[in-house]
Amino acid sequence: MLPTLVMILIATFVVSLASLIGIFFISLRGTRKLQETIDYTVSFAIGALLSTVFCGMLHHLVEEGFGYKLVIVGILLSLLIEKIIHWRHHHGLPSKEKPFGYINLIGDALHNFVDGFVIASSFLVSLSLGFITTLSIIFHEIPQEIGDFFVLLKAKFTIKKALLFNFLVALTAILGSLFGYFVGVGIKGILPYMIAIGAGNLLYIAMTDLMPEIIEEDSKKEFATKTILMIIGLLIVYYTIRVL
Ligand SMILES: [Zn+2]
Ligand SMILES: [Zn+2]
């Protein structure tokens, strides 16, 4: 079995690769279909994240006899980070100019750093929790990175430059994971706290960032499809946890 650090680095590198996914949707540029695709993947990601938080991370904390009150700190910390950098986490397609592209990249970098941190803490708990967390973060990154890519295009970046910048910024996940790894290994007893804070962060993303996306005006049929996708996301992660 590979050492934990190697597993973490592979996982975060794979997550970083998700930043290139936008190119596969280039033909949908400017169409309604693009927003629909994003909304559907968002629905799926909500389910996957909720399962990871409740059936994976929090389940682990309770099993080990740790409290989960620190999840509140994770939620508040996520809110604070978002506020400080004016990070507009988007999955939609706002129309803004070039400076907005750069502001978005800064927020993106920080977001990916935190993702890497959460992945590292999960791998330090167990291989299976690390795997599940990585999986649901990838599910979440798919709509996120499609959104990032098209925001950069809207901000007048060329396709090449948008891909390159989005990828470079996604590599901060690796930095975050290294930070998480060394904090988790270096400070005795800190891991449960890292997991609780990570759970709060994923919960924050699912509830404040992703959920509003699928409440937007749409037909009953669309809402039903989104709900079903959310449940499928929930179940896939739930059963993966049981199998692992
Ligand atoms: Zn993310
Ligand atoms: Zn990105």
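**A helix and its surroundings**

Author: The crossing of helix 2 with helix 9 is right-handed; a crossing has that hand if the near helix is turned clockwise from the far one by less than a right angle, and is left-handed if the turn is anticlockwise. Their axes are 7 Å apart and the packing angle is about 35°, where axes are lines fitted to C-alpha atoms, for helices over the stretch in contact, and angles run from 0 to 180 degrees between N-to-C directions. Sorted by class, the contact of helix 2 with helix 9 has 16 nonpolar, seven polar and two charged residues; Ala, Val, Leu, Ile, Met, Phe, Trp, Tyr, Cys and Pro count as nonpolar, Asp, Glu, Lys and Arg as charged, and the others, Gly among them, as polar.

The model is a predicted one, in which local features need pLDDT of at least 70 and side-chain atom pairs count only at pLDDT 80 or more, while totals for chains, interfaces and linings use all residues. Residues are numbered from 1 along each chain as its sequence is written, and chains are lettered from A and ligands numbered from 1 in the order in which they are written. The helices (H or I, at least four residues) and strands (E, at least two) are DSSP runs, numbered from the N terminus.

Helix 9 itself takes in residues 220–243, 24 residues in all, and it spans 34 Å from its first C-alpha to its last, close to the 34 Å expected at 1.5 Å a residue; the expected span is 1.5 Å times one less than the number of residues. Its buried residues are Lys226, Leu229, Met230, Gly233, Leu234 and Val237, a residue being buried if 20 or more other C-beta atoms lie within 10 Å of its own, exposed if 12 or fewer, and partly exposed in between, with C-beta atoms placed from the backbone. An α-helix has 3.6 residues a turn, so residues three or four places apart point the same way. The buried residues of helix 9 pack against helix 2 (32–63), helix 5 (127–154) and helix 8 (191–215); residues are in contact if their C-beta atoms, placed from the backbone, lie within 7 Å. In the loop between helix 8 and helix 9 lies Asp218, which counts as partly exposed because it has 14 C-beta neighbours inside 10 Å.

Two of these partners, helix 2 and helix 5, also pack on one another, at an angle of about 155° and with their axes 9 Å apart. Helix 2 is therefore roughly antiparallel to helix 5, since angles over 145 degrees count as roughly antiparallel, those under 35 as roughly parallel, 65 to 115 as roughly perpendicular and the rest as oblique. This crossing of helix 2 and helix 5 is left-handed. Among the residues that make the contact are Ile38, Phe44 and His60 of helix 2 and Leu129, Phe139 and Pro143 of helix 5. The residues of this contact divide into 13 nonpolar, eight polar and no charged.

Helix 5 also holds Glu141, which is buried because 25 other C-beta atoms lie within 10 Å. Apart from neighbours within four places in sequence, Glu141 is in contact with Val15 and Ala18.

Key: Contact = placed C-beta atoms within 7 Å.
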